[in-house]
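I opened the notebook to go through one structure, element by element. The entries below follow the order in which I looked things up.

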There are 2 protein chains.
Amino acid sequence: MQYKVIAEDRCSNARCGVLHTEHGDIQTPIFMPVGTVGSVKGVHTRELRDDIKAEIILGNTYHLYLRPGIETLKSAGGLHKFNGWDRPILTDSGGFQVFSLTGTGRKITEEGVTFRSHIDGSKHLFTPEGVMDIQRAIGADIVMAFDECPPGDSDFRYAKKSLDLTMRWLERCVKRIDETSPLYGYEQQLFPIVQGCVYPELRRISAEHAVSLDRAGYAIGGLAVGEATEDMYAMIEVVNEILPKDKPRYLMGVGTPQNILEAIERGVDMFDCVMPTRNGRNGMIFTSQGTINIKNKKWEREFTPLDPAITSYVDEQYTLAYLHHLIKADELLGLQICSIHNLSFYLWLVREARKHIIEGDYAAWKSVMVKRLAVRL
Amino acid sequence: MQYKVIAEDRCSNARCGVLHTEHGDIQTPIFMPVGTVGSVKGVHTRELRDDIKAEIILGNTYHLYLRPGIETLKSAGGLHKFNGWDRPILTDSGGFQVFSLTGTGRKITEEGVTFRSHIDGSKHLFTPEGVMDIQRAIGADIVMAFDECPPGDSDFRYAKKSLDLTMRWLERCVKRIDETSPLYGYEQQLFPIVQGCVYPELRRISAEHAVSLDRAGYAIGGLAVGEATEDMYAMIEVVNEILPKDKPRYLMGVGTPQNILEAIERGVDMFDCVMPTRNGRNGMIFTSQGTINIKNKKWEREFTPLDPAITSYVDEQYTLAYLHHLIKADELLGLQICSIHNLSFYLWLVREARKHIIEGDYAAWKSVMVKRLAVRL
């Protein structure tokens with residue numbers, strides 16, 4: 001897996017590049033649609049490729065482990081074969097879901113995490129080694145380290161203890177991935193996750209530790225979990241001073257279009273977030289002119305495209321008035337249109353960012369855009 | 001609106017033809033996907049046209065009148081403009097929904113039906129004239145008469161009384177449609193609906209009355225509402241002896257693939273039914289080899305196309321195992337795939353029927369198919 005920086009902004013840390021994987025090249029900065037259980041909700045594979053122009057999608061290890069289960073994925077020959085997506089896939093490690101979706105009965109030990117399935121209450125154990133094996137079976141191109149995800153408001157003492165455990169687990173992940181082989185004949189690379197809550201010194205320790213393990217790319221986790229936006233940006237700056245410039249940097253689970261542009265300015269290359277699909281299913285659409293609550297009566301007779309920027313065919317095929325009607329009437333098609341539009345918009349936004357980095361006016365363009373994107377139409 | 005019969009089966013009443021409308025030609029026999037509230041649930045307009053190869057879709061007057069409402073549809077310039085479907089549309093009259101969806105407070109008088117909305121309980125009056133005006137505003141190419149839909153098990157006395165009312169209402173519908181003009185510049189034709197429950201003499205009276213009004217096409221209503229399948233076929237035979245051979249015949253709300261092939265053999269040209277979409281959303285898929293309950297564990301690792309006949313791209317893009325997983329995991333994409341597959345299959349089936357009518361071996365082909373389609377895989 002090779003990463004090549006092809007342009008750097010003159011006035012900021014923004015850069016663009018190409019990440020080469022055996023399932024195809026990824027132009028960075030990139031947004032990765034989230035396909036939790038092996039499908040991006042409401043979106044066909046063909047639409048992901050041709051309309052949204054996704055270059056890489058996410059799968060969730062926790063969800064895929066529970067359903068369809070590892071044996072089924074192995075029989076299929078991996079997730080790419082199972083869901084028919086033949087471009088790159090990244091899987092998270094389940095660390096975040098184990099903490100956010102499972103409640104009573106969860107137990108963290110040195111060995112790993114024992115938890116109960118949110119579906120049927122059955123008991124499971126995730127260890128760093130086990131999670132690497134699961135991601136081998138899923139067959140993602142990029143696999144994530146298994147980490148502990150402390151709450152956003154953790155005090156320093158807990159954050160430090162948690163980070164120590166995460167670093168020990170990371171070393172076990174690295175060991176396991178290095179002593180096992182891919183199951184389906186193509187390369188899989190492990191990205192460590194930098195943790196440390198909002199404490200710069202912990203973030204630095206974590207980043208330096210991750211870098212010492214010399215991997216193909218690095219992720220920044222544990223942000224956008226309730227901390228102030230300024231703290232998030234500050235942590236990205238702290239970490240990106242340490243992460244190597246010649247490797248891709250992935251900011252996990254972030255965020256709004258404005259967050260993404262700010263993080264790109266601070267040197268982040270890869271993003272994922274459920275916001276475009278989850279908020280979309282709730283009737284919120286992101287456009288080049290600001291956000292729209294499509295349920296609002298003001299759109300009832302607005303027979304115009306969803307977004308003048310026309311980031312995908314749904315923007316022209318359907319009108320705001322029709323989408324308003326579909327969402328009000330709880331029609332499935334409404335959820336589908338919002339999902340396709342929002343994902344197309346996010347992918348359009350990172351392509352625009354890339355263009356402006358290459359043209360050398362990223363910082364100026366970003367300043368205009370973050371104001372415009374914050375408008376509530 | 002011209003209808004031309006282009007081939008007749010030698011051994012049965014099956015025929016095929018072309019129905020010309022100002023929104024395009026319809027090759028009969030045809031199945032019409034149901035777009036209740038102005039969208040076919042889970043299916044994009046583009047998919048309807050290019051993948052499912054629908055030639056005409058349905059809208060429901062009752063639903064569209066309540067949401068988005070007639071004023072919005074008028075502002076849009078009619079339903080075609082509102083939902084972006086530029087091919088023919090047929091709207092039912094709301095007669096069936098008024099009886100099936102509204103409960104307490106419904107009152108039938110000579111004037112019409114007073115009912116309460118199933119959405120918010122608000123009170124409304126449908127009259128034959130009002131329903132014609134609503135369908136003018138929706139702008140369907142084919143509009144249906146407003147009829148009373150008696151229960152499937154009505155006794156002769158009630159069925160006769162109901163039919164008398166339906167016939168008086170039909171005359172009012174005809175008068176209204178003939179003294180008003182289309183709102184959007186293209187022709188709209190009214191199809192009378194033949195009623196009469198399972199009583200041949202009532203069916204004959206109704207059919208002769210409808211024919212005397214000399215319209216562009218005729219519908220057979222009030223079937224598949226609980227009567228024995230043999231009774232349904234018998235009623236179709238009775239009615240089609242009377243309906244003119246040079247006009248299209250539309251069997252409303254029917255049915256299974258086998259029902260459709262049997263009705264085609266008895267001279268029916270047009271069909272609609274929610275079964276492919278509704279049952280699809282419940283995990284039932286219709287294939288050229290029989291029906292599949294995709295929730296069944298036997299499909300868990302069946303990494304093969306949905307239907308060897310490959311009636312649309314979803315059959316090849318996805319496998320039975322993946323669809324099983326999606327439906328088990330309540331993923332939206334599962335509903336979408338089942339809907340597209342089933343509708344594509346229904347459209348494929350009527351195209352196959354047409355081919356065999358032209359080739360002259362319809363009856364023989366049908367006998368083989370109805371057995372095969374009845375298989376539970």
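I took helices (H or I, at least four residues) and strands (E, at least two) as DSSP runs, numbered from the N terminus. I counted two strands as paired if DSSP finds at least two bridges between them.

I worked on a predicted model, in which local features need pLDDT of at least 70, side-chain atom pairs count only at pLDDT 80 or more, and totals for chains, interfaces and linings use all residues. Residues are numbered from 1 along each chain as its sequence is written, and chains are lettered from A and ligands numbered from 1 in the order in which they are written.

Entry: hairpin. A hairpin of six residues connects β1(B) to β2(B). For Q2(B) I found H20(B) as the bridge partner in β2(B).

Entry: contact between the chains. I called two residues in contact if their C-beta atoms, placed from the backbone, lie within 7 Å. Chain A gives 33 residues to the contact and chain B gives 33 residues. On the side of chain A that touches chain B, α1 (45-50), α3 (70-76), α4 (79-83), α13 (320-328) and α14 (332-359) each supply at least two residues. The largest share, five residues, is from α13(A). I sorted that side of chain A into 14 nonpolar, 12 polar and seven charged residues. Here Ala, Val, Leu, Ile, Met, Phe, Trp, Tyr, Cys and Pro count as nonpolar, Asp, Glu, Lys and Arg as charged, and the others, Gly among them, as polar.

Entry: symmetry. I noted that chain A superposes on chain B by a rotation of 180 degrees with 0.0 Å of shift along the axis (RMSD 0.0 Å), by least squares on the C-alpha atoms of residues with pLDDT of at least 70 in both. The two copies are thus related as by a two-fold rotation axis. The copies meet through the same surface, because 100% of the interface residues of chain A are also interface residues in chain B.

Entry: backbone. Most residues other than glycine have a negative phi, and most peptide bonds are trans. I found a cis peptide bond between V254(A) and G255(A), with omega about 5 degrees. G255(A) sits in the loop between β14 (249-251) and α10 (257-265) of chain A. D214(A), not a glycine, has a positive phi of about 50 degrees.
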